[in-house]
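Please open the model in your viewer and keep the selection panel to hand. The stops below are meant to be taken in order.

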Amino acid sequence: MTKSSQFNKGNVILTNPEEGYYGIAVVLSEKKNTHEFYPWCHIAITPLIFERKVQLQELDINQLKPLVFKRSYNLKGKEKFFKEEISIGIYTRSNKHGFEILGSIDPKKVYDGPLPFMPLTGLDITFPMYDEVNNYLGREAFIQWASEHIVEIDCKHGKGISSIVCSHLLSKNKALGFIENASDPHDLQGWCYDCENLFLKEGEMSDKFLKFSSANVVCTTCYDELKTFHQID
Ligand SMILES: [Zn+2]
Ligand SMILES: [Zn+2]
């Protein structure tokens with residue numbers, strides 16, 4: 001394991017999206033700096049989450065793929081719809097937060113599609129442009145993981161199954177609105193109207209959104225209580 005001040009193509013990054021949880025991200029491309037541009041790279045977030053630090057040798061490289069979200073939206077006044085998002089973003093190559101690099105692999109094994117840096121005409125694919133990689137790198141993989149795993153958490157309600165809410169919903173001062181973006185009872189995720197507005201504005205789970213929403217894991221009893229409290233008709 002090494003620390004490097006700059007991400008290079010093929011680097012396997014050990015992320016730390018939540019205390020005690022580690023994930024894997026892979027640098028898919030790199031661009032040198034020119035007079036006009038900072039050096040940029042594409043980074044793919046994989047769905048892998050571990051409860052300890054892992055080594056590169058423990059990973060099955062052929063299984064390393066970018067996280068794909070399949071979200072179902074149940075928005076008020078709209079028909080239920082689905083949206084698929086692939087977790088690849090454009091970041092600056094600066095490893096300012098000192099993420100551990102587990103090693104390097106052939107990034108084409110992870111993702112072999114086009115990797116434009118600019119929105120290209122005639123290409124359907126564009127990737128969101130982020131700024132520097134921050135502590136939240138891989139957060140969406142953790143949220144996805146926590147929503148798919150029956151994670152038992154300790155709560156005032158006893159041991160319970162985890163679900164996800166935004167941090168705003170935790171305060172019960174006034175009803176903030178409750179948007180439930182999953183209908184699967186094992187994949188409960190809710191956020192408030194402010195989060196929803198930002199999400200629609202950003203068009204995706206951007207860093208800005210993840211920071212603002214700051215997802216929390218609560219038990220399903222808490223979730224139901226919060227939903228009842230915050231729902232506005
Ligand atoms: Zn919120
Ligand atoms: Zn609870």
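Predicted model: local features only at pLDDT ≥ 70, side-chain atom pairs only at ≥ 80, totals over all residues.

Residues are numbered from 1 along each chain as its sequence is written, and chains are lettered from A and ligands numbered from 1 in the order in which they are written.

**Whole protein.** Begin with a cartoon view: the secondary structure comprises four helices and 13 strands. Helices (H or I, at least four residues) and strands (E, at least two) are DSSP runs, numbered from the N terminus. Of the 233 residues, 33% count as buried; a buried residue has 20 or more other C-beta atoms within 10 Å of its own, with C-beta atoms placed from the backbone.

**The core.** Next select Ala25, Val26, Ala44 and Val165, which touch the most other members of the 51-residue largest nonpolar core. Such a core is a set of buried Ala, Val, Leu, Ile, Met, Phe, Trp, Tyr and Cys residues joined through C-beta atoms within 7 Å. Strand E4 (residues 40-50) contributes the most to this core, with six residues. Colour domain 1 (1-70 + 83-137) and domain 2 (150-233): both give residues to the core, so it lies between them. These domain bounds come from an automatic or database domain assignment.

**Val165.** Leaving aside neighbours within four places in sequence, Val165 is in contact with Leu170, Gly190, Trp191, Asn216, Val218, Tyr223 and Leu226. Contact here requires C-beta atoms, placed from the backbone, within 7 Å.

**His42.** Return to strand E4 and select His42. With 23 C-beta neighbours inside 10 Å, His42 counts as buried. Not counting residues up to four places away in sequence, His42 touches Leu28, Ser29, Ile88, Ile90, Leu115 and Phe127.

**The hairpin.** Select strands E9 (residues 152-155) and E10 (residues 158-165), which run antiparallel and are joined by four bridges. Strands pair if DSSP finds at least two bridges between them. E9 and E10 form a hairpin with two residues between them, and Cys155 stands opposite Gly158 in E10.

**Helix H1.** Finish at residues 139-148: eight of the ten residues of H1 are buried, so this helix is largely enclosed by the rest of the structure. The buried residues in H1 are Arg139, Glu140, Ala141, Phe142, Ile143, Gln144, Trp145 and Ala146.

Notes
Buried ≥ 20, exposed ≤ 12 C-beta atoms within 10 Å, placed from the backbone. Contact = placed C-beta atoms within 7 Å.
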